[in-house]
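This report goes through one protein model, part by part. Keep the sequence and the structure in view while reading.

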Amino acid sequence: MPKTFNSMLIAFAIAGLATSAFPQTPFEKPPARTSQGRAGNSLTPPSTASPRAILVGFLRGQGRDESTIDSLVEGTRSSGRDGISHVQFSQRASGLPVYGTYAKAAFNARGELLSVVENLESTSAAVRGTSLTTEQAIAAAIADLYPNQATVPAGFFHTAPTATKVAIPHGNAVMSTG
């Protein structure tokens, strides 16, 4: 099986956990929002602050709550053309990664924020727990992927499937563990 299978398995396990905790609410990633300067203008003035600090200031100006701003974790940085740097951020709530959320920001050499694409969710409410185990999540994902197979034969997977505990956003600051 290809490596992407484990990723699919995790996604199905998460979806299964989400729908079992909230059967009336289908699980969907939050929609992305885009902000960018017009006609060569930036979203923020020049700055020597860190990319996270610049993005935090911008999001505050957009009315985002402090818990959401505090949940930002800087990830990868890469350099683009014309001195533009790209920084990716993720979210954590109650110590868990928030599934499906991100912020991607572009900065010029003067530290100006040029554009933001994000689908951050409010993390102001506590993350609801789950009683499902990792093994139950994996079993649910396998059952969903292979409904006609009663058991998984030895050697079916190159490596054993895994699941990662995450916070699943359901909108309106509601999150559950999956």
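Where does S94 lie? S94 is in the loop between β3 and β4 (96-97); here helices (H or I, at least four residues) and strands (E, at least two) are DSSP runs, numbered from the N terminus. Phi of S94 is near 50 degrees, which is a positive value in a residue other than glycine. S94 is exposed, with a relative accessible area of 61%. On this scale buried means under 20% relative accessible area, exposed over 50%, and partly exposed in between (1.4 Å probe, protein chains only).

D82 also has a positive phi, near 55 degrees, in a residue other than glycine. D82 belongs to the loop between β2 (72-79) and β3. With a relative accessible area of 75%, D82 is exposed.

## How the model was treated

The model is predicted, and local features need pLDDT of at least 70, side-chain atom pairs count only at pLDDT 80 or more, and totals for chains, interfaces and linings use all residues. Residues are numbered from 1 along each chain as its sequence is written, and side-chain values use heavy atoms, with hydrogens and water left out.

## The open sheet

An open sheet is formed by 3 strands in the order β7-β9-β8, and the pairing is mixed. The edge strands, each pairing on one side only, are β7 (127-128) and β8 (167-169). Two strands count as paired if DSSP finds at least two bridges between them. Strands of a sheet pair through backbone hydrogen bonds, either parallel or antiparallel.

How do β8 and β9 run, parallel or antiparallel? β8 and strand β9 (residues 175-177) run antiparallel and are joined by 3 bridges. Within this pair, I168 stands opposite S176 in β9.

α4 has 12 residues and reaches 17 Å from its first C-alpha to its last, close to the 16 Å expected at 1.5 Å a residue. The expected span is 1.5 Å times one less than the number of residues in the helix. The buried residues of α4 are A137, I138, A141 and I142. Seen down the axis of α4, its buried residues fall within an arc of 130 degrees, so they line one face of the helix. The arc is taken from the directions from the helix axis to the C-beta atoms.

A163 is found in the loop between α4 (134-145) and β8. A163 is partly exposed, at a relative accessible area of 26%. In sequence A163 and A141 are 22 residues apart, while in space they are 9.6 Å apart, C-alpha to C-alpha.

## Nonpolar cores

A nonpolar core is a set of buried Ala, Val, Leu, Ile, Met, Phe, Trp, Tyr and Cys residues joined through side-chain atoms within 4.5 Å. The largest one has 15 residues, and those with the most contacts inside it are L55, L59, L72, F89 and L113. At least two residues of this core come from each of α2 (51-61), β3 (85-93), β5 (103-107) and β6 (113-118). The largest share, 5 residues, is supplied by α2.

L59 touches R64, I69, L72 and L120, not counting residues up to four places away in sequence; contact means heavy atoms within 4.5 Å.

## Salt bridges

How many salt bridges does a search of the whole structure find? The search finds 5, where a salt bridge is a side-chain nitrogen of Lys or Arg within 4 Å of a carboxyl oxygen of Asp or Glu. Side chains of opposite charge can pair when their charged atoms come close. One of the bridges joins R64 and E118 (2.6 Å, N to O). This pair links distant parts of the chain, 54 residues apart: R64 is in the loop between α2 and α3 (66-70), and E118 is in strand β6. E118 is buried, with a relative accessible area of 6%. R33, R64 and E118 are linked in a network of salt bridges.

The side chains of R60 and E66 also meet in a salt bridge (2.7 Å, N to O). R60 is partly exposed at 44%, and E66 is partly exposed at 39%. R110 and E112 form another salt bridge (2.7 Å, N to O). R110 counts as exposed at 51% relative accessibility, whereas E112 is buried at 8%.
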